[in-house]
Amino acid sequence: MTTNLARVPFALADFGRYKREGTKITVLTAYDYTTAGLLDAAGVDCLLVGDSLGTVVQGRETTLRVTLGQMLYHAEMVSRAAKAAFVVADLPFLSYQVSAAQAVRSAGRMLKQTDCRAIKLEGGQTVAATVRKVVQAGIPVMGHIGLTPQSVRRIGGYKVQRDEEQLLADAHALVEAGVFAIVLECVPSGIAAKITAAIEVPTIGIGAGPDCDGQVLVTPDMLGLFEGFQPKFVRRYANLAETIRESTAAYLADVRTSKFPDAGESFR
Ligand code: KIV
């Protein structure tokens, strides 16, 4: 018997619906076709092509050197793999901060060239006018406040953000500008809960406690693949780094002792 297991694709309107219904929104980052396909098939609601690829893919200390061209390259692969997940792509540092016109151009290229469904950019009140222009151009925007890694040089490090008044003002400014969801990064749980209760769009937490409307993790962190730095808010659901080390050691041993390939793995 064949069963149609095709999922209904997660749509823009589902973000608001999930919040209203009290259903948690699941988000994971993805950077390549193979991993995105696996996460999509596992049922994740939303795939974020994060500029965190600057650290977990490119091996840099910050996300600052990630370019729009690199984001386009990764977002296209992820979008092609995603059959049901809603794909959001980050605009990287300096691809939207110069002017609203620059932001619309960058966001427009992202949608046109990658088939992603929405873009994400960092900042609150200071980028609200820009967000409004991008939304007016027909491009859905996910906001990102709290710890905003593209501002790490100004912030002076990866620190928990505790200015409740500012965070609430940022969230309200983004909602007013038309975002469909807001990532809250490294915000104390109590403040995140207040923001979540105060706004009509869903909050997606990362290091923001259990009361957000959804959660996001950087996938190489969640899978125990990236060992560089483990923030307090990461929970590892696998230890892929160890699996890779063990399987590579087994492969090397088999090749060195002529156990691989065997007759079944060879052509006659
Ligand atoms: O770049 C990224 O992966 C992100 C998430 C951490 C939210 O912005």
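Colleague: Where does the ligand sit?

Modeller: This is a predicted model, in which local features need pLDDT of at least 70 and side-chain atom pairs count only at pLDDT 80 or more, while totals for chains, interfaces and linings use all residues. Residues are numbered from 1 along each chain as its sequence is written, and side-chain values use heavy atoms, with hydrogens and water left out. A pocket here is an open set of points on a 1 Å grid over the protein atoms alone, where a 1.4 Å probe fits, with protein on both sides within 12 Å along at least five of seven lines, and a molecule sits in it if more than half of its atoms lie within 2 Å of its grid points. By that rule, the ligand sits in the largest pocket.

Colleague: Which residue has a polar side-chain atom 2.6 Å from an oxygen atom of the ligand?

Modeller: The residues around the ligand (a heavy atom within 4 Å) include Asp-51, Ser-52 and Asp-90. Asp-51 has a side-chain N or O atom 3.1 Å from a ligand oxygen, and a polar side-chain atom of Asp-90 also lies 3.1 Å from an oxygen atom of the ligand. The one at 2.6 Å belongs to Ser-52.

Colleague: Which residue forms a salt bridge with Lys-19?

Modeller: A salt bridge is a side-chain nitrogen of Lys or Arg within 4 Å of a carboxyl oxygen of Asp or Glu, and the whole structure has nine. For Lys-19, the closest N and O atoms are 2.9 Å apart, and the partner is Asp-213. Lys-19 lies in helix 1 (residues 12-21) and its partner in the loop between strand 7 (203-206) and strand 8 (214-217), so parts 194 residues apart in sequence are tied together by Lys-19 and Asp-213.

Note on methods:
Polar contact = N/O pair within 3.5 Å; in protein donor to acceptor, adjacent residues only side chain to side chain. 1 Å grid on protein atoms, 1.4 Å probe; cavity = no way out; pocket = protein on both sides within 12 Å on 5 of 7 lines; lining within 4 Å. Helix = DSSP H or I, 4+ residues; strand = E, 2+ residues; numbered from the N terminus.
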